[in-house]
Amino acid sequence: MKIASFSQTPVDRSTARLSLAYIWVAYAAFGLAALAGMLQGMVRGGLIELPSWTNYYQILTAHGVLMALIFTTYFIIGFLLSGVARTTGGALHAAALRWGWAGWVLMTVGTVMALVTIITNDASVLYTFYAPLKASPYFYIGTALLVVGSWLGGFAIFSRYRRWKRENGGSMSPLFVFMSVTTFVLWIIATLPVAVEVLFQLIPWSFGWTSTINIMLSRTLFWFFGHPLVYFWLMPAYIAWYVCVPRFIGGHVFSDSLARLAFICLLLFSIPVGFHHQLMEPGISPGWKMIHVILTLIVVIPSLMTAFSMFATFETTGRKKGGTGLFGWLKKMPWSDVRFFAPFVGMLFFIPAGAGGIINASNQMNAVVHNTVWVTGHFHITVGTAVALTFFGVSYWLIPALTGRTLTRTANRMGMVQTVFWAVGMFLMSFAMHYLGLQGTPRRTAYTTYMDHPVALGWMDFQRVMAFGGGLLFTAAVLLLLILGYLAFFAPKGKTEYPIAETETEQQTPRILERWPVWVGVLAFLIVMAYGYPIMEQLHHHPPGSPPIRTW
């Protein structure tokens, strides 16, 4: 049996090749990152010892950089480029293709540079690359190329957007295109400060051209980027939830206006919030931290809007199919279709993930869990489950749609197994991390019993649960790569739908939602209000800078 497909505007070959080029690098990075993640879990649980030619912090850095930066960024660009093409006639024009390929080349050169320094143990500084730990300057140059290359991928989307607007008399853009543009407006603005940190602080400092670095400023610039990075991961998942998933259940987009408003709110309120990652750091006044906490909690609103919109779509569709009673509509969902099941499980995990985020952003509760493995558990059920499972679900139809093949019944069943393995593994690992965090277990540490201290020995059982969960996750990762390889090269040839849902009836969307000067202007005001004075203070009244430190 083949999974049912629907009529579509196919993505042309040149766009498909570009999109797949990004996706293949994404999953190559994913495979390496999954292996590193399993190894670090087993080391921390005391189950294995690494060989002498590598160390825990080296594989921890590899896992974080490859999974959180490389896999996500490449996949997002590949997915969004194909979707923008699909909803604007099926193809990217020549200029957009040139931008896309230039971005891929620059990103890949930067990725290889950074990966080589990690492999040679010259960059064991974790994915946050906090100063005063100093990596090889070529690690920082590689990350800078990665960021600039991702901008070029965004320019490809902007180019296609502008051309479509000109060709259609300034009409409201398709919802997928609008959301993609919003995602890259956020990404480019959010990465400007980390680009400044890398170019003007870390690279000169790592080469020895400057002797010290302003640590507080470097961390502030990083977390200006670090929190919207989470929404850069989430927004493409939201795009799949809003625009693609309803197609598989035979439903429609609940509200075009609501979806666009949610993305505008994410753009406005996910950037000027970085101090909630620095609540325990001195040098930032409580007043400024409070402003960032308030703005952080406002971000909950568009997430709740998304939850309402999605479950409204599910319920209205289920009831039209005959579902009765309070929850009868749930029986009408296509639970055996991995294209729906994987993103839906990701949505369920995002509920506790969001609750944990509120805890992390609250000053008093953050003091309890800060710098414990609780934060790692929160991170994994956010990007590692809500985002990752959605990306997996997208991959099960996106790769065959771009390669001209079909999602077979066997591949669908194996995808269901893979989803369950991933969900169970992540549940076990993240539950153990959250529990251990409440017991005070620190993050970013290799296996240690702290000289057989009774408290530390009491952590070991749950750290082995973490390792077991990591083993299930690695099994699921290997299964995923095998399925995707089959779908790309061996599945029967045919037409697979690129699912784009529409509203059930014609809706009037307020044009103000696509007035970019208005929203970018409001965002600029919020950024200046939240960061202007604190950064000025850090520039003019900073403590003595730090020389570079290498601890490995």
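In the predicted model, the buried residues of helix 16 are W516, W519, L523, L526, I527, A530, Y531, P534, I535 and Q538. The cover over these residues includes helix 4 (137–167), helix 5 (175–207), helix 6 (215–248), helix 7 (256–269) and helix 8 (286–298). Helix 16 spans residues 516–540, 25 residues in total. From first to last C-alpha, helix 16 reaches 34 Å, close to the 36 Å expected at 1.5 Å a residue. Its axis is kinked by about 40° at Y531, shortly before the proline P534. Both Y531 and P534 belong to the buried set.

Ten salt bridges are present in the structure. One of them joins E504 and K320, with the closest N and O atoms 2.4 Å apart. This pair links distant parts of the chain, 184 residues apart: E504 lies in the loop between helix 15 (460–489) and helix 16, and K320 in helix 9 (residues 300–320). E504 is partly exposed, at 48% relative accessibility, whereas K320 is exposed, at 56%.

Other salt bridges lie within a single helix. In helix 4, R163 and E167 are four residues apart, about one turn of the helix, and their side chains meet at 3.2 Å, N to O. R163 is partly exposed, with a relative accessible area of 34%. In helix 15, R464 and D461 are three residues apart, again about one turn. The closest N and O atoms of the R464 and D461 salt bridge are 3.6 Å apart. R464 is partly exposed, with a relative accessible area of 38%, while D461 is exposed, at 55%.

How values were computed: Residues are numbered from 1 along each chain as its sequence is written. This is a predicted model: local features need pLDDT of at least 70, side-chain atom pairs count only at pLDDT 80 or more; totals for chains, interfaces and linings use all residues. Side-chain values use heavy atoms; hydrogens and water are left out. Helices (H or I, at least four residues) and strands (E, at least two) are DSSP runs, numbered from the N terminus. The expected span of a helix is 1.5 Å times one less than its number of residues. The bend at a residue is the angle between axes fitted to the seven residues ending there and the seven starting there. Buried means under 20% relative accessible area, exposed over 50%, partly exposed in between (1.4 Å probe, protein chains only). Contact means heavy atoms within 4.5 Å. A salt bridge is a side-chain nitrogen of Lys or Arg within 4 Å of a carboxyl oxygen of Asp or Glu.
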